[in-house]
Amino acid sequence: MLFPKRFRKRIMARLNPVTEEECTTMRSESVWQHLDVRVAIFVLAVIILGAIFAPWVAPYDPDTQNFRNRNKPPSLEHLCGTDYFGRDVLSRVIFGARVSLAIGFLATAFAMLIGVTLGVSAGYLGGTIETIVMRFVDVMMAIPMVITGLLMVAALGSGFQTLIVAIGISMTPRLIRLARAPVLVIKQREYIQAARALGLPKRIIIFSHIVPQVIPPLIVIATLQVCHAIVIEASISFLGLGIQPPMSSWGGLLKDGLRNLPSAPWISLTAGVVLTLTVIVLNILGDALRDSLDPRLRGRLRAQ
Amino acid sequence: MTKYILLRLVYLFLTAFAVLTIVFFTLRVLPGDPVYTVLGAEAPPDVVAQTRAELGFDRPLYEQFAIYLSGFLQGDLGTSLQSKRPVTEMIGLMLPHTILLAVAGIVIGLILGVPLGVMAAVKRNGLFDSISRIIGVSFIATPPFFVAILLLLVLGFWVGAFPIIGAGEWNQPVDILHALVLPAFALGIPKAAHMMRFTRSYMLEVLNEDYIRTARAKGLREQVIVFTHALKNALIPVVTILGNQLGQVIGGAVLVETVFTRPGMGRLVVEAIAGRDFPVVQGTIVVFSFFVAASNMIVDLTYGFIDPRVRYR
């Protein structure tokens, strides 16, 4: 022993100050015990339940106009004020949550469906199909997602269903890439070779041997993608090409609010805060989900 | 190196061409008829037919595409259906504003984000780290256009320190910069949160490496270790991510422009899509994708400067 113990400890701390932290990371502590994750689950539950039970939760009808109550600031009667037509802002935000969340989740599901199918097929089949799909993905990735969304809305028309498809399509290229990468590794494994040697059709190998392996990590990514979908929906509606009035969505409310920003800032503020809060809690949950599935990645960030 | 750059340039133009093809045919599948955009909804049928022939919309699709493509190769992106002006001229007027905004946003993101990330990594688990983590988590998720609305409301309307509309005239640089502050910060603050988190996590990784331990054992000063030894290596992935996010920055710029009623590509593309102005939509999206692809290329090339180990083949 070169140094006495007390010196050695001090020197080690100087040389490698991260050891202590590594120990805390290694301790088997569930991410679900973290305070921020619990708060996030609670907030998300409130938002989702509020959206589902909107007709009972909302204090007023979101479309009833009251011209005596135009642009009223927040009060006990109208907690978040009223808009230009005297409609209750809080009620509109609650009903808007239905549209925004539904589009967020459904568009992600749509993108997952197409992305996983194309990505896994490209990865497993290889050859010309892979080249075509992946070059197409490269090209689509060069167009900003919001712009792809706008283009698709222009192509399909604006409305609830078309927005789901439009946003889903704009998210698909990224999911194809993410779904293909693990397949390249999985297809080298012995059990896949065994399945091939048994003469199973490609379709069965892909859907019952490969897809189940790819899905769990993609579920995590999907949680984070829901944020993107919600933000893109809000962006498109904010630009006036998405959900059309009088139907309310968070993006549409932000747009209405911007028009009356100096006289009625509470419209934009309420919608924006709720939108941001939703995205934040989904981000926290996505990170937590990923950490709990893959502890090696704990503390590290996703590449995208 | 030269060969690599040439190859990337060829790839760049192939991307632009492919985007053009996709956008061209996506637009042609639309149910809406652009001829009515030009004439209004109540135009008599014979006038509609005549205009359609004049604009070339009666030809087969592949012929329309060939005509458009030959124009594209000569630097002609067609003529707007609504304003009747050449699309290249419209883009030429708008593009500088958007590039200025996007670059300013990225610069702010880097200037704010990287140093904060380094500080958070060095003083990890300290008070600063916790505060910056909370701020980071909040701003990373905030859509830039909501940050824009907040800045517009507080600093534009309430404090009144910055213009709330427009981008200023090019011959008045002070006005341009003054009008740029709020939009650039709106774009830059969420980006800074991103950069901060990335810088922090990569710095932590690098600070764990053996050569940092060696540097410490040599008794180098902490500043030298952090900035010359660690940061240089931590910046490589940060720069990659920055390049990959340029698409997001441009997408954000489109919305921020709308909030501040700035002239720019954002307004151009939104109005063109709403008005079914095909040539303008095609032109703007091709230019967008060209910039995203070009910036990815530049990022790949900058590796060589940041990391001398990287060699191009």
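This is a predicted model: local features need pLDDT of at least 70, side-chain atom pairs count only at pLDDT 80 or more; totals for chains, interfaces and linings use all residues.

**Chain B as a whole**

Chain B contains 13 helices and zero strands, so that its order of elements from the N terminus is written α-α-α-α-α-α-α-α-α-α-α-α-α. Taken along the principal axes, the box filled by the C-alpha atoms of chain B is roughly 85 × 55 × 35 Å. Of the 313 residues in chain B, 50% are buried. Among the contacts in chain B with a separation of 6 or more, 73% are made by residues 24 or more positions apart.

B:R8 is found in helix α1 (residues 2–28) of chain B, and with a relative accessibility of 15% B:R8 counts as buried, the limit being under 20%. Leaving aside residues up to four places away in sequence, B:R8 touches B:N296, B:M297 and B:D300, while its C-alpha atom is separated by 21 Å from that of B:V238, which is 230 residues apart from B:R8 along the chain. B:T261 belongs to the loop between α11 (246–259) and α12 (265–274) of chain B; its phi is near 45 degrees, a positive value in a residue other than glycine, and with a relative accessible area of 35% B:T261 is partly exposed.

**The interface of chain B and chain A**

At this interface, 56 residues of chain B are in contact with 52 residues of chain A. About 4,600 Å² is buried between chain B and chain A, with 74% of that area on carbon and sulfur atoms. On the side of chain B that touches chain A, the residues divide into 36 nonpolar, 13 polar and seven charged. Across the interface of chain B and chain A zero salt bridges are found by the rule, and the count of residue pairs in polar contact, with both residues at pLDDT 80 or more, is one.

**Nonpolar cores**

The largest nonpolar core has 162 residues, of which A:V120, A:I167, A:I210, A:W250, B:V259 and B:I285 touch the most other members. Helix α10 (residues 202–238) of chain A supplies the largest share of this core, 16 residues. Another core, of six residues, lies apart from it and includes B:Y4, B:L12, B:A293 and B:L301.

**Salt bridges**

Over all chains, the structure holds seven salt bridges. Three of them are listed here.

| Salt bridge | Closest N to O |
|---|---|
| A:R180 and A:E130 | 2.7 Å |
| B:D129 and B:R133 | 3.6 Å |

How far apart in sequence are the parts that A:R180 and A:E130 tie together? Because A:R180 lies in helix α8 (residues 160–186) of chain A and A:E130 in helix α6 (residues 127–141) of chain A, the pair links parts that are 50 residues apart in sequence. A:E130 is buried, its relative accessible area being 16%.

A:R177 lies in helix α8 of chain A and A:D138 in helix α6 of chain A, and therefore this pair ties together parts that are 39 residues apart in sequence. A:R177 counts as partly exposed at 35% relative accessibility, whereas A:D138 is buried, with a relative accessible area of 18%.

In chain B, B:D129 and B:R133 are separated by about one helical turn, because they are four residues apart in helix α6 (residues 127–141) of chain B. B:D129 counts as buried at 0% relative accessibility, whereas B:R133, at 43%, counts as partly exposed. Through salt bridges that share partners, A:R135, A:D138 and A:R177 are joined into one network.

Technical notes:
Residues are numbered from 1 along each chain as its sequence is written. Chains are lettered from A and ligands numbered from 1 in the order in which they are written. Side-chain values use heavy atoms; hydrogens and water are left out. Contact means heavy atoms within 4.5 Å. Buried area is the accessible area (1.4 Å probe) that two parts lose on being put together, summed over both. A salt bridge is a side-chain nitrogen of Lys or Arg within 4 Å of a carboxyl oxygen of Asp or Glu. A polar contact is a pair of N or O atoms within 3.5 Å; within protein, one must be able to donate a hydrogen and the other to accept it, and residues adjacent in sequence count only if both atoms are side-chain atoms. Ala, Val, Leu, Ile, Met, Phe, Trp, Tyr, Cys and Pro count as nonpolar, Asp, Glu, Lys and Arg as charged, and the others, Gly among them, as polar. A nonpolar core is a set of buried Ala, Val, Leu, Ile, Met, Phe, Trp, Tyr and Cys residues joined through side-chain atoms within 4.5 Å. Buried means under 20% relative accessible area, exposed over 50%, partly exposed in between (1.4 Å probe, protein chains only). Helices (H or I, at least four residues) and strands (E, at least two) are DSSP runs, numbered from the N terminus.
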